[in-house]
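Student: Could you take me through one part of this model up close, and then show me how it sits in the rest of the chain?

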Amino acid sequence: MKNNFREWQVGKAILFVLIILTSFGVISCKDDVFRYDEEEPEWLGASIYDYLKSNGNFQTYVKLIEDTKDYKEILSRTGSKTLFVADDDAFERFFQNNDWGVTSYEDLTLTEKNMILKFGMIDNAYLIETLSNFNYSGTLQYGSALRRTTANDPVDSVGFDIGNDLPIQGPWVSYWDRYRTNGMKIVKDNQSAPIVYFFEKMLKTKGITNSDFKVITGQERSTHDAHVFDIPVVERDIICKNGYVHVLQDVMLPRDNMAEHVHHYANSTTFSKLLDRYSFGWYDEDLSETYNLKHNTDDSIFVKGYLYKYPEGSSWFINGNEIGEEYLLNFNPGSNRYIAENTGLQADMGTLLVPTDAAMDDYWENGTGRILKERYITWEEVPDDILALLMNRHLRLSFNGSIPSQFEDMKDTENSKIEISDADIESTYVGVNGLVYHTNKVFPPDDYVSVYAPVLFGKKTKVFNWAVRQNEFRLYLNSLENTYSFFVPSDEYFSRYIDPIAYSKDVPGALKYWYNETTGAVNATVYSYDISTGVIGDSLSVITNTDFISNRLLDLLDNHIVIGNVETGDNFYFTKGNNVLKVSDDGNLKVQGGFDVANNLDVNILDVYGQNNGNTYLIDKPLQTPVRSVYKVLSETPEFSKFFELLNGFPSTSTSVVFVRKTNYFGIDYNIRFFNTFNYTVYVPTNEAIQAAIDAGELNTWDVIDAIEDITEKQNEIEKMERFLRYHFQDNSVFVGGPEIGTATTPYTYQSSTINLDKAPGDTYFGTYINKYFKIGVYQDGQDIYLTTDWKPGVDEDPYTAKVLKTSGLYNILVRDYVFNNNPSNFREIDGSGSGSSAFNSSRIITSSTAVIHQIDKVLKFE
């Protein structure tokens with residue numbers, strides 16, 4: 001189908017004339033039509049070779065054809081070719097000034113002649129406008145093509161590299177070192193090189209304006225102009241019997257691919273060396289055989305390529321070791337026939353943003369790259385995986401998405417905006433596989449400027465860096481649209497993490513996380529832990545299970561990140577994981593997790609890095625979240641005993657039970673049944689307040705309820721008790737000493753956990769509708785918390801109020817209800833001992849809910 005379609009391009013003129021002449025009876029089928037089986041129509045013209053030879057302006061090009069083996073015959077006979085040529089005047093200008101340094105036709109080698117001729121030759125015949133169409137997966141694409149494969153032969157491009165012409169760094173450097181002294185014959189790709197053209201139909205289809213074209217090529221153009229690379233077509237669509245000839249204004253030499261152009265460009269040496277760190281080489285047996293037959297030699301020909309991200313399921317290996325994706329480029333900028341994903345070669349190509357040496361130096365010395373310099377001293381010391389982030393920010397998969405008129409919306413492969421404008425472009429180069437923008441600035445990846453950067457670059461932050469990578473937190477921390485406070489324990493201080501599952505078992509344990517340089521993963525050493533004294537004891541074992549460690553570090557990450565600024569003067573801030581950090585500043589900024597607060601442990605700030613999306617705080621130990629549940633605190637605090645007795649008194653068969661160990665909802669001990677991965681406040685009336693409510697007949701004891709014989713009456717009392725207790729549980733945590741909330745007359749309202757079943761909105765203080773949760777009004781003046789209930793005993797009466805008691809010290813108690821993947825009793829002890837059915841390293845933290853507990857002076861009422 002492909003060949004028939006393109007042969008029709010040449011023959012369509014014949015068919016058109018035959019149809020017209022037949023319609024008017026001008027010719028006879030018998031006498032004239034069939035004579036074209038044996039001879040060619042005179043009007044069709046000469047062959048490409050004969051046309052050029054008979055035209056006095058192409059004598060130099062005719063010599064090229066005659067001097068290159070077999071091409072005189074090929075271009076003389078019937079066939080199907082498209083040829084881009086230059087006339088004698090163009091060659092005269094070429095010999096006066098060119099990159100090859102030749103001053104006359106006689107200076108050209110046979111290889112150079114082959115290169116000029118073949119690079120301008122395309123198999124099959126194309127008009128200028130039909131070159132913009134191509135077939136992709138069986139469908140004809142109109143106006144989308146900007147490239148076409150030529151007759152260019154890689155064997156004509158064999159060069160010789162030696163010494164520092166070969167890459168001097170990177171994972172493949174040992175391969176290059178073998179040939180550094182004696183050199184190697186090498187091609188920069190073993191595929192034929194396409195030409196790139198800019199024709200009216202294609203430009204319109206892709207939305208490339210004349211202004212875009214000027215930036216891309218440096219040339220002006222008018223409507224219907226045609227250019228091959230940046231060379232104007234001065235005469236087009238010359239019909240020959242075996243194809244078409246298009247005349248270029250200048251001699252067209254073979255172009256480099258993007259990588260090779262950068263390698264040769266005088267002002268991009270720094271970027272070129274960095275790019276070459278990802279290069280690799282291999283021996284090409286077929287190319288070697290072809291070369292040796294042509295030149296009567298016995299040489300080995302090598303090919304240079306680049307380590308890039310293969311399609312899913314493929315991998316690179318060096319010396320038997322798989323190379324991780326973080327060490328790979330987005331694509332191979334040295335592939336002549338690079339094809340963007342889900343397109344054909346003709347429809348798109350790549351783009352490189354290449355900072356000049358001056359731009360790279362300025363970035364390193366004065367820009368955001370200074371943090372790189374402080375950490376690594378020289379570009380050569382930047383690790384390959386970290387450098388790949390920078391390189392990939394400058395390797396763009398698509399030319400179509402990189403034209404100047406789209407700069408405002410330009411984003412990288414991780415959907416992060418690239419701040420680029422026309423003013424940033426110093427020069428351009430259109431290569432055979434893409435466009436190179438030489439820029440006067442560097443475009444650092446978000447990794448280099450976000451709160452993640454100090455972790456990525458840090459010598460002593462390998463544990464958290466591994467955790468970030470393992471749990472795919474990079475893009476989250478790199479979001480420049482948000483502000484973060486990121487607390488990072490240095491590796492040497494990562495010595496005590498109280499494991500929440502081990503905390504509830506016979507052998508409590510603490511974990512010290514450390515980065516294993518040999519395996520490139522984080523391990524955990526298990527230490528004994530005395531709950532009563534807080535003393536960390538001897539080491540017991542080492543855990544290497546990646547899933548276990550990743551799970552625990554994910555929980556740590558979640559609770560070391562605050563969305564927002566923690567230096568606003570408030571004392572309490574929520575983490576991403578819904579836990580609470582207490583921040584204080586008495587001249588030295590300090591931060592504490594819930595466990596740290598309960599145990600008077602200070603976590604000190606060692607250093608602060610101001611980044612584009614917040615601050616990264618280096619701290620001297622991990623922040624420890626609470627390991628006590630609501631149940632644990634209420635059951636062990638004598639001042640909460642009356643409230644706890646009521647919560648814990650529900651019959652085990654009752655659906656109203658508050659404390660529960662649910663199926664697939666296992667915690668350290670017992671969880672609050674209606675907590676749901678959120679943060680809450682628990683208001684606990686004093687024992688005296690509970691007793692006063694009982695004495696006033698507002699509340700029954702469990703002894704009274706248990707003695708009720710009527711089942712319906714008893715169930716009603718149980719439900720009444722549940723509703724009373726649940727009204728003391730509030731969505732959202734509020735803190736004594738936290739930010740001011742509401743006023744005495746207009747308190748801020750939060751939902752309780754009790755639903756309004758039958759009260760009209762007018763009979764509630766906050767106008768709560770039926771089947772909605774009763775509210776609790778909160779007034780926080782920065783010192784004390786006052787509560788207004790949803791009870792409205794009379795239309796004109798003041799609301800019922802209560803107050804958080806600070807004098808008892810029982811306030812701001814931070815707790816956490818964990819959810820584990822199994823009952824802790826089913827796991828063996830953290831040291832491997834015990835009778836549990838599952839290994840401890842199979843335990844997982846699934847989620848949690850957090851709460852703050854305050855003692856209040858009265859019970860809360862909604863009726």
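**A buried histidine and its surroundings**

Tutor: Let's start with H261, which counts as buried because its relative accessibility is 9%, under the 20% cut-off. Keep in mind that we're looking at a predicted model. H261 sits in helix α10, which covers residues 258–264. Who does H261 touch? Setting aside residues up to four places away in sequence, its contacts are D256, Y429, V436 and H438.

Now to the nonpolar cores. The largest one has 81 residues, and W379, Y448, F486, Y513 and L553 are those with the most contacts inside it. Helix α15 (residues 384–394) gives this core its largest share, six residues. Take W379 as a way in: beyond its neighbours within four places in sequence, W379 is in contact with T270, L274, R277, M360, Y363, W364, L372, L387 and L390. There's also a second, separate core of 42 residues, with I122, Y126, I208 and V430 among its members.

L553 takes us on to helix α21, where L553 is one of the buried residues. The helix runs over residues 546–558, and its 13 residues reach 18 Å from first C-alpha to last, close to the 18 Å expected at 1.5 Å a residue. Ten of those 13 residues are buried, so α21 is largely enclosed by the rest of the structure. Besides L553, the buried set includes F548, I549, L556 and L557, but also R552, D555 and D558. Look at the start of α21 as well: a side-chain oxygen of N545 comes to within 3.1 Å of the backbone nitrogen of D547.

Zooming out, the chain has 27 helices and 40 strands. Its radius of gyration is 39 Å, well over the 29 Å that the globule rule gives for 863 residues, so the chain is more spread out than a compact globule. Along the principal axes, the C-alpha atoms fill a box of roughly 125 × 70 × 50 Å. Even so, buried residues account for 53% of the 863. Of the contacts between residues at least 6 apart in sequence, 67% join residues at least 24 apart. As for the surface, the chain exposes about 38000 Å², with 46% of it supplied by carbon and sulfur atoms.

Key
Residues are numbered from 1 along each chain as its sequence is written. This is a predicted model: local features need pLDDT of at least 70, side-chain atom pairs count only at pLDDT 80 or more; totals for chains, interfaces and linings use all residues. Side-chain values use heavy atoms; hydrogens and water are left out. Helices (H or I, at least four residues) and strands (E, at least two) are DSSP runs, numbered from the N terminus. Buried means under 20% relative accessible area, exposed over 50%, partly exposed in between (1.4 Å probe, protein chains only). Contact means heavy atoms within 4.5 Å. A nonpolar core is a set of buried Ala, Val, Leu, Ile, Met, Phe, Trp, Tyr and Cys residues joined through side-chain atoms within 4.5 Å. The expected span of a helix is 1.5 Å times one less than its number of residues. A polar contact is a pair of N or O atoms within 3.5 Å; within protein, one must be able to donate a hydrogen and the other to accept it, and residues adjacent in sequence count only if both atoms are side-chain atoms. The radius of gyration is taken over C-alpha atoms; the globule rule is 2.2 Å times the number of residues to the power 0.38. Accessible areas come from the Shrake-Rupley method with a 1.4 Å probe; for residues, only the protein chains shown count as cover.
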